[in-house]
Amino acid sequence: MSAETATFEHGGGESSPSGWRRWLSTTNHKDVAKIYLWLTIFWFIVGGANAMLFRTELLTPKDGPFFNLLGYNSLVTLHGLTMIFLVAVPAGGVMANYLLPMYLGLDEMAFPRMNALSGWLLFWGGVMLWWPVVGNLLGLSPLPFNGGWFAYPPLATQMPSVSVDTYVFAMLILGLSTTAAGINFMTTLFNERDPSLGMFDLPLGAWGLGVFTPVLGLYELPWLMVGVALDYFDHTIGMGFYTAQNGGAPLLWQWLFWLFGHPEVYFVAMPFLAIAGEIIPRFSERPVYGYRAIIYAVTGITLMSGMVWAHHMYVTGLGQIRYLYMFFSLAIPIMFFVYIVANFAMMWRGRIHLKTPMLFAIGMLIMLIYSGMDGIMMGQPAIDVLIHSTWFIVGHFHFTLFGVAIMGFFAALYYYYPLITGRMYNERWAKVHAFLTITTAGIVFTLMDELGSQAVPMMRRYATYTYAPALQNMQMWTTAFAYVLGIAQVIMAANLLWSLYYGERVDNPWSELTIGQGMPSPEWDGLPYKVPTPRNFPYVQGDSGAGKGTPAAAAAGGKTDTVTDGGTDAPTSDRDAATPATGDGAAATAGGGGSAGPTPGHGGPDSEVTPDE
Amino acid sequence: MSDAQDDTTDDERPSSADEGYTLGKDNPWLWLVALGTPIAAFLVSYGLGAYDKLDLAAHPPGIRIGLVQQLFGTDMLIALIFGGATLLVLLYFAIRYNASAVSAPEPMPVQWGGNTLRLLTIGVAVIILVTFMYAGTTLANTDQMPAKVASRRYGESSVIHMTVVGSQWAWRDTVQGVNYTETDTVRVPANTVVAVNITSTDVDHSWAVEQLGVKKDAIPGQITHTWFVAQPGTYQVNCAELCGKGHSKMTQTLIVMPKSQYVQWARSHGYSVPPSVANSVNATSGASQPAAGSSNDRSSPSTGGSAPSVAAAPASLGVSADV
């Protein structure tokens, strides 16, 4: 424990003034994670302020009064690029960098230097993306890139602006950053973990951060990198990949881009879907339910996410292949349903603590379901014709990207902030943030849905809506709630910064929650790292070297006894499982009770076969 | 840290001894409001959406939009029921099993094992499959309807062709046979299959008539196809793919005129009249005039382009638009 405390002293964000060299040269995964964290929060505030600007512009249907037409296009493009590539993607990187080694019982990533490289590429990618904005504000360059975040050529290749190049290079730099990080996470999980740990011994968070996210990243990013490289050759030396006049095909970009773009959505959501599998059971005082079911379902989601990309292109004239893409697109919610039900099962009859992380985790589930319902609509080509490129799409992907990825990030951030900084954030202001975010995000994105499903809907990327001035009322409400949503995020950033210096010092504010769970929380063990005991998760069966002294391990040991006895007696209570406070001797005592957490915690399909294996 | 805990049986858990940080009390009612807000928004949005869309599907301004709105409204109803139930269950769990209401978590219920999960999942899969079948049928209908309509109901002669060319930042629409090209407004006859060929001269655009369920990308170097059949009215045309500075102003008005009025209009402006339209007007004006008024009691949903003399025209082909 003392070593752990010492870690927190050094590991805090509050480096001494002379310590700047440490941040430039660090290869420590925790320090890199902090670089990721503050970059993410910085860009989140910048990208959010950006959104407030064009929300203001949308107060009136006409052109102006604040931005001209191209200025508006630049703002929405920047908002999209910033929020996706500089916020949602690195938000997963924050958690993976910090937590993955801890989940696996390691003291470092597989490639620490490459990890630092990822962090700094992220930094320079952000600079590259936003440099044209600085140049424009200084009057040095034309407006920044305004071809939309998906940059469809020929518009994007014909744009007479240096920012077309900076877009390409920003994508390449950020793509390299994410690729390097993905290789690192994956190698760390597969090669560096304790050999005694099987894949099904790993926490859900480790699966998400070390398997699903990197697999998606390494699958999807080459498509984007190739796409922007062709884009670059197209508009610099006229190779004409995307230019019809030169024999190219504008649609080629769309195929490449959406091969990347659809998995990207799952890529940014996956870390937090997985970490919710750590948070929700903890704040429900329950073991994980359906561990294997969740893993199989999320594996299915991961694979399927790479097979549905063309549902972004229904209106380009795809032909009969649309039936196939519709089939795959509609199949994904089935697997999400398994994930959602497993989370419900953890909450049902639990003892739920509505602390900030849990509130955001529940909010994330709500938004996930909402965006799933929207998604079922737009997966159907017949309906997609109606809502494609309207604000219904905008509402949908805000539910997905903000509601799932960003709110999941908030859940994880509030949960792990004390671990990362050694200090507790201000709970009251965190709850103000949670209250305002969950309410206003729901309202704002619902209004976006509504704007996009009117008979004459609001079309995407429209700087003016003089064709449908009746939408103004709804736009004004959207803007008003969006302001509140924006202010809430400033509260969050201020709270986190303030708490960095003045927050109450804590080691593990959630230790009360782990009492009854029969489930360890390896990430809170700190230094010296304790390797997660093989088979010590209540949802896995089999032999165990457990009983290392923590209640959880003891419970796991007890569970093993129970299982080998074939004992599936009626469990007493989870808290009984935690009774043995003193290690091995108590494990036998825990035997009966230990099954409380463990046995039902098996993934549904596995529980029957468990004892035999 | 947690091994510093000793087990207590009373409801109040001790705080973690070595940290001094305690979990405070929750206010479940506050969070009922907070978590309930997006759920309420969902219920209202989907409830109104389903109602509006099914209502619109009952009186559609065009065949295609009727099919699409029927599907959309039904989907929204399904989503409202199942998605709404799921959300309300989540809300109920969050509040009902709140720490202030529950003294200890129950052990994970064993009986709620794999079979329940399996059955629920199969149930959802069945719902999704039904949705898929319905959506697939609608897709097939919206894709193939022009052929069906043209051959079975309107006769081959009743199809007119229109070419739409997008360029920054205006549409140029040419109605074949009429041989006129317009940008701000385009006029087509009502209750006629309008087959549209779309392309672009510069960047990607998308020709969208939301009220008729029509949207197709205009891609340089490619020709894409769509179709619609509309009742008389004025419809908004938008560009639905970001195409640069003037994207939000790349709009036009589609005026759908009753056939006889359309013929009059074309002749008075010196345009030729496509034989298909002229013939159908001539054929019906003599033969089926008396039945026309009674066979269609449905008023046109939008009146922008209608003139008083043409009430019988939509019915002159013997079909209404909700085929």
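A:Lys431 reaches across to the other chain and forms a salt bridge with B:Asp26, where the closest N and O atoms are 3.6 Å apart; a salt bridge here is a side-chain nitrogen of Lys or Arg within 4 Å of a carboxyl oxygen of Asp or Glu. Through shared partners, salt bridges join A:Lys355, A:Lys431 and B:Asp26 into one network. Please keep in mind that this is a predicted model, in which local features need pLDDT of at least 70 and side-chain atom pairs count only at pLDDT 80 or more, while totals for chains, interfaces and linings use all residues. Residues are numbered from 1 along each chain as its sequence is written, chains are lettered from A and ligands numbered from 1 in the order in which they are written, and side-chain values use heavy atoms, with hydrogens and water left out.

**The interface of chain A and chain B**

- On the chain A side, 126 residues are in contact with 115 residues of chain B, contact being heavy atoms within 4.5 Å.
- The two chains bury about 10,600 Å² between them, and 67% of that lies on carbon and sulfur atoms. Buried area is the accessible area (1.4 Å probe) that two parts lose on being put together, summed over both.
- Five salt bridges are found across this interface.
- The interface also has 26 residue pairs in polar contact, both residues being at pLDDT 80 or more. A polar contact is a pair of N or O atoms within 3.5 Å; within protein, one must be able to donate a hydrogen and the other to accept it, and residues adjacent in sequence count only if both atoms are side-chain atoms.
- Several helices of chain A each supply at least two residues to the side that touches chain B, among them α4 (69–104), α9 (250–284), α11 (321–347) and α15 (427–452). Helices (H or I, at least four residues) and strands (E, at least two) are DSSP runs, numbered from the N terminus.
- The helix that gives the most to this side is α11(A), with 15 residues.
- Sorted by class, the side of chain A that touches chain B holds 74 nonpolar, 31 polar and 21 charged residues. In this scheme Ala, Val, Leu, Ile, Met, Phe, Trp, Tyr, Cys and Pro count as nonpolar, Asp, Glu, Lys and Arg as charged, and the others, Gly among them, as polar.

**A salt bridge between the chains, and a buried histidine**

- The side chains of A:Arg322 and B:Asp143 meet in a salt bridge at 2.3 Å, N to O. A:Arg322 lies in helix α11 of chain A and B:Asp143 in helix α3 (residues 114–154) of chain B, so this pair joins two chains.
- A:Arg322 is buried, with a relative accessible area of 7%, whereas B:Asp143 counts as partly exposed at 25%. Buried means under 20% relative accessible area, exposed over 50%, and partly exposed in between (1.4 Å probe, protein chains only).
- A:His388 sits in the loop between α13 and α14 (391–421) of chain A and is buried, with a relative accessible area of 10%.
- Leaving aside residues up to four places away in sequence, A:His388 touches A:His312, A:Val315, A:Ile393, B:Lys215 and B:Glu241.

**Inside chain A**

- Chain A has 20 helices and zero strands.
- Of its 613 residues, 71% are buried.
- Among contacts in chain A between residues at least 6 apart in sequence, 79% join residues at least 24 apart.
- A:Glu285 forms a salt bridge with A:Arg351, with the closest N and O atoms 3.2 Å apart. A:Glu285 lies in the loop between α9 and α10 (291–305) and A:Arg351 in the loop between α11 and α12, so the pair ties together parts that are 66 residues apart in sequence.
- A:Glu285 counts as buried at 1% relative accessibility, and A:Arg351 counts as buried at 9%.
- A:Asp31 forms a salt bridge with A:Arg22, the closest N and O atoms being 2.8 Å apart. A:Asp31 is buried, with a relative accessible area of 7%, while A:Arg22 counts as partly exposed at 28%.
- Over all chains, the salt bridge count comes to eight.

**Strand β10 of chain B**

- Strand β10 (residues 252–257) of chain B is mostly covered, five of its six residues being buried.
- Strand β4 (residues 185–189) of chain B pairs with β10(B) in the parallel sense over five bridges; two strands pair if DSSP finds at least two bridges between them.
- Strand β9 (residues 233–239) of chain B and β10(B) run antiparallel and are joined by five bridges.
- B:Val256 in β10(B) is the bridge partner of B:Val188 and also of B:Gly233.
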